[in-house]
Amino acid sequence: MTEHLVDPDVPRDLHAFIAGLPKAELHVHHVGSASPRIVSELAARHPDSKVPTDPEALVDYFQFTDFAHFIDVYLSVVDLIRTPEDVRLLTYEVARDMARQQVRYAELTITPFSSTRRGIDEGAFMAAIEDARKAAEAEFGTVLRWCFDIPGEAGTEAAEETTRLATDDRVRPEGLVSFGLGGPEIGVSRPRFKPYFDRAIAAGLHSVPHAGETTGPQTVWDALTDLRAERIGHGTSSAQDPKLLAHLAERRIPLEVCPTSNIATRAVRTLDEHPIKEFTRAGVLVTINSDDPPMFGTDLNNEYAVAARLLDLDARGLADLAKNAVEASFLDGPGKARISDEIDTYTSAWLAS
Ligand SMILES: Nc1ncnc2c1ncn2[C@@H]1O[C@H](CCC(=O)c2cccc(C(=O)O)c2)[C@@H](O)[C@H]1O
Ligand SMILES: [Zn+2]
């Protein structure tokens, strides 16, 4: 267990339970998952970048004054990914970090537009992520799938390019399962992206936009109505609208909750003010995720520990949360059953010990 991430309010044996618990992760960004070691390696390769090479200095660099500042810093790390080999290394190492946390399955959000517009060849980009995906599955047993997201602030050009890369059979990678919308929400209305989501959905992709992270509940309604969202990235502000909470619960539309991220980007003031408890009280299907873990000084195991504290969960409650993520995933029936059974077996053995 990473010692600095041990929450003193969560019993140590629960931390140990979480560390061994088989998990699925549904909301985690590709570049945002680069560990300090990967970032400093890439920064050393590309010394013209303003990103610090020293992992200690990175901790300060990853302190954000607000969401806009977070995106600025995020893009400086995106600038470090310059070659298909950088892409492959990043993807493979991210899977290694996941496997260490017993992540059996992850839907990784990738922004291909950010790489192709920086000059990486689209075919080489797809080959790099697919090569890493297959190697990670064979070597670590972690199954990766992709969500391609539009960086909404980059506008129509980004939307068009992302949709083309996600729907053209000659380019789209085998591991692609879903289509998203990320970046800042203020001034980036969801309905504007309806035509692109329509095309992606027609091509068989699932709709998983970010919504209600930094704007109010209307953005979540727009994501549901116009983008036909099957899950909501964050959805934090849904707590302000009881009708919306009831709708999410009734339709079983999961929220991809990322507690520490919301504090780091200042979307929520403190963890104790996080609305996760309101979500579960309203019967909404909550999944726990890490978003951009090294940038937010967290990892998925720590997010489960945070959830245990905020929701007052024991081992069985944590196992149920892990099963929520499996249920809300885009795995097929047998794939879901395999991880769910593994969670049950692990939990029974733990409770019997
Ligand atoms: N918590 C988050 N909430 C929302 N998004 C998040 C979160 N974490 C990470 N992201 C990622 O941030 C990126 C933003 C990239 C972006 O806005 C942009 C704008 C203009 C030009 C370019 C470019 O590349 O040239 C990029 C998205 O790709 C998204 O995947
Ligand atoms: Zn996100």
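Predicted model: local features only at pLDDT ≥ 70, side-chain atom pairs only at ≥ 80, totals over all residues.
Figure 1. The largest cavity has a volume of about 100 Å³, and 13 residues line it, of which H30, V31, I110, T111 and S115 are the closest to its centre. Two or more lining residues come from each of α4 (67-78), α5 (84-100), β2 and α6 (112-116). By class, eight of the lining residues are nonpolar and five are polar, while no charged residue takes part.

**Figure 2. The second largest cavity.** This cavity has a volume of about 70 Å³. Its lining includes L26, H27, C147, D149, H210 and R231. At least two lining residues are supplied by each of β1, β2, β3 (143-151) and β4 (176-182). The lining comprises three nonpolar, five polar and four charged residues.

**Figure 3. The site of the zinc ion (ligand 2).** The protein donors are H27 (NE2), H29 (NE2), H210 (NE2) and D291 (OD), which lie 2.0 to 2.3 Å from the zinc ion. The angles among the four donor atoms are 84 to 173 degrees, and the site is irregular. H27 belongs to strand β1 and H210 to strand β6 (residues 210-211), so this pair ties together parts that are 183 residues apart in sequence. H27 is buried, at 2% relative accessibility, and H210 is also buried, with a relative accessible area of 6%.

**Figure 4. Strand β1 and its partner β2.** Seven of the seven residues of strand β1 (residues 23-29) are buried, so the strand is largely enclosed by the rest of the structure. Strand β2 (residues 103-110) runs parallel to β1, and five bridges join the two. A24 stands opposite Y105 of β2.

Terms used. Residues numbered from 1 in each chain as written. Chains lettered and ligands numbered in written order. Heavy atoms only, no water. Buried < 20%, exposed > 50% of the residue type's maximum accessible area, 1.4 Å probe, protein only. Helix = DSSP H or I, 4+ residues; strand = E, 2+ residues; numbered from the N terminus. Pairing = 2+ DSSP bridges. Donors = N, O, S within 2.8 Å, 3.2 Å for Na, K, Ca; no water. Tetrahedral: all angles 85-135°; square planar, octahedral: opposite > 155°, others 65-115°. 1 Å grid on protein atoms, 1.4 Å probe; cavity = no way out; pocket = protein on both sides within 12 Å on 5 of 7 lines; lining within 4 Å. Points joined across faces, edges and corners; volume = space filled by probe spheres on them. Nonpolar A, V, L, I, M, F, W, Y, C, P; charged D, E, K, R; others polar.
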